[in-house]
Amino acid sequence: MAKLTRKISESTIHRLSIYYRALVALERDNYTTISSKELAKREKLTPAQVRKDLSFFGSFGTRGLGYPVAELKNRIAEILGLTRLWNVALIGVGNIGSALAQYKEFAKQGFNIKLVFDNDQRKIGSNHKGIIVSDIRDFKRLVQAEKVDIVIIAVPAQAAQAICDEVVSAGIKAILNFAPINLKVPDDVILRNQNMCIELEHLAFALSNPGN
């Protein structure tokens, strides 16, 4: 795939993930082609938005015939980086960390949780969902040895920034943060936050203010 010459918006990338999941479902249901109109309708978007999003990455489909489902799914998987294996380390095996460690969809999408870390001596050395829990003090040595690409942080808010700093110092350039706090990282580190409280507040607002 050719290197992109322009910056792609986060909303476009988000919609690509939506298209990918829709196409996986369509292929499973034995669809061979789908139009931009049909794909847009499934995801409550406009056909023009679908065509615009895909146009950033080249030419897809044939006018009047639509998109070949399998081909478009594979092309989007390539764009999203899902055609290779990504090594992942998880820090924190509390309630959220434990749930993430056993989430089978990660492996299906090519995200391989190779290492799990904690600072609780009662957990270190235990077998957690098939992975031995390592001491966080060994983090830098182990993630470099295992060539980890992405780190998931699932620790209490008060410990998150110090953990994040350690992750950055180990050379990790991609972090998914589940701690309920905004972390600070250098400009060359990609940080994504998953704050479930904020998402619940958004739902509460929507219920309290119908029509907004």
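Predicted model: local features only at pLDDT ≥ 70, side-chain atom pairs only at ≥ 80, totals over all residues.
Seven strands form an open sheet in the order S5-S6-S4-S3-S7-S8-S9, and their pairing is mixed. Strand S5 (127-128) and strand S9 (190-193) stand at the edges; each has a single partner strand, so one side of each is left without a neighbour in the sheet. In general, the strands of a sheet pair through backbone hydrogen bonds, in either a parallel or an antiparallel sense.

Helix H8 (residues 157-169) lies across S3, strand S7 (150-153) and strand S8 (174-177), and runs at about 170° to S7.

Is Asn87 buried or exposed? Asn87 counts as buried because its relative accessibility is 14%, below the cut-off of 20%. A polar atom of the Asn87 side chain lies 3.2 Å from the backbone oxygen of Glu146. Apart from neighbours within four places in sequence, Asn87 is in contact with Asn112, Lys114, Glu146, Lys147, Val148, Asp149 and Ile150. Another arrangement involves Trp86: Arg84 lies over the face of its ring, at 3.6 Å from the ring centre.

The aromatic rings come next. A pair of such rings is described by the distance of the centres and the angle of the planes. How many aromatic pairs does a search of the whole structure find? The search finds two. Tyr103 is partly exposed, since its relative accessible area of 45% falls between the limits of 20% and 50%.

Phe117 and Phe139 also form an edge-to-face pair, with 5.1 Å from centre to centre and 65° between the planes. This pair links distant parts of the chain: Phe117 belongs to strand S4 (residues 111-118) and Phe139 to helix H7 (residues 139-145), 22 residues apart. Phe117 counts as buried because its relative accessibility is 0%. Phe139 likewise counts as buried, at 0% relative accessibility.

Definitions and conventions
Residues numbered from 1 in each chain as written. Heavy atoms only, no water. Phe/Tyr/Trp six-rings, centres within 6.5 Å; stacked < 30°, edge-to-face > 60°. Buried < 20%, exposed > 50% of the residue type's maximum accessible area, 1.4 Å probe, protein only. Helix = DSSP H or I, 4+ residues; strand = E, 2+ residues; numbered from the N terminus. Lys NZ or Arg CZ within 6 Å of the ring centre and 35° of its normal. Polar contact = N/O pair within 3.5 Å; in protein donor to acceptor, adjacent residues only side chain to side chain. Contact = heavy atoms within 4.5 Å. Pairing = 2+ DSSP bridges. Axes fitted to C-alpha atoms, helices over the stretch in contact; angles between N-to-C directions.
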